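User: I have a chain open here and a few things I'd like to go through. Can you take my questions one at a time?

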Amino acid sequence: LQGAAHMRSRRCGGFGKQLRLDRPDHSGRVGQGRIGSWQHAHAELLAQLVALRSQVAPPLTVRVLSPTGPERMVEDCRAFDLGLASEQASTANRALCLSNKAATYPLAGLPVAITETPGQRRLADDLGEGALRYEPGDVEGLSAQVSALMEDTAAYERACRASWDAATRRWHWEHEAERGTLLRLVEETCR
């Protein structure tokens, strides 16, 4: 990100997580950034994050944020510029799931950095330009995509629009394909 032209600040949100990237100004200085995690994060993990930050990203500061309640999730996500729907796919359950966060970010009109897993593939396909797809563990690939998106205002606006369009077309909890699905599946299973 260093050396880029002056750009507005962008923020990346995860449920209970915040990454704020204050863009470089014309002098090439990288601004202050913040990474936050769940308020109840394990102390050892937080200490590791702080140590890693000091080694690889000294301009960043770590800040612990309080979790948001489900009734405010979509609204609170709108304060960010990018959603992170990261799954490790280390178990079949994690590989096949579509997380609530992956479905929430489009409702907030955010592009989604989404792990390429079987469970998230259909959403990523439908998001189109609104999805920044990456393989689990591909930090460099994800970083390159996020940097490119944040440096290109027109691409960022198209990504937001594509994400919102997918949410209004299909990826919301009131979609007709979702109504009664759980009850129908339970009923079929119990027969």
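User: How many disulfides are there in the whole structure?
Analyst: Zero, from a search of the whole structure. Keep in mind that this is a predicted model.

User: What about C97, buried or exposed?
Analyst: C97 has a relative accessibility of 16%, so it counts as buried. The cut-off for buried is under 20%.

User: And C160?
Analyst: C160 counts as buried too, because its relative accessibility is 18%. C160 is one of the buried residues in α7.

User: Which others in α7 are buried?
Analyst: Among them are A155, Y156, A159 and A162. S163, A166 and A167 are buried as well.

User: What span should α7 have, going by its residues?
Analyst: α7 has 17 residues, and at 1.5 Å a residue it should span 24 Å. The C-alpha atoms at its ends are 24 Å apart, which agrees.

User: What happens at the start of α7?
Analyst: There, a side-chain oxygen of D152 comes to within 3.2 Å of the backbone nitrogen of A154.

User: Switching topic. How many residues are in the largest nonpolar core?
Analyst: It has 18 residues. C77, L110, V112, I114 and L127 have the most contacts inside it. The elements that each give two or more residues to this core are α2, α4, β6, α5 and α7.

User: Why would nonpolar side chains be together like that?
Analyst: In soluble globular proteins, nonpolar side chains tend to be buried together.

User: What does the second core include?
Analyst: The second core is separate and has twelve residues, including L82, L142, M150 and Y156.

User: Now the chain overall. How many helices and strands?
Analyst: The chain has eight helices and seven strands. Of its 191 residues, 39% are buried.

User: Last one: what is the phi of A89?
Analyst: A89 has a positive phi of about 55°, although it is not a glycine.

User: Where is A89, and is it buried or partly exposed?
Analyst: A89 is in the loop between β5 and α3. Its relative accessibility is 31%, so A89 counts as partly exposed.

Conventions
Residues numbered from 1 in each chain as written. Predicted model: local features only at pLDDT ≥ 70, side-chain atom pairs only at ≥ 80, totals over all residues. Heavy atoms only, no water. Core = buried A, V, L, I, M, F, W, Y, C linked by side-chain atoms within 4.5 Å. Buried < 20%, exposed > 50% of the residue type's maximum accessible area, 1.4 Å probe, protein only. Helix = DSSP H or I, 4+ residues; strand = E, 2+ residues; numbered from the N terminus. Expected span 1.5 Å × (residues − 1). Polar contact = N/O pair within 3.5 Å; in protein donor to acceptor, adjacent residues only side chain to side chain. Disulfide = S-S within 2.5 Å.
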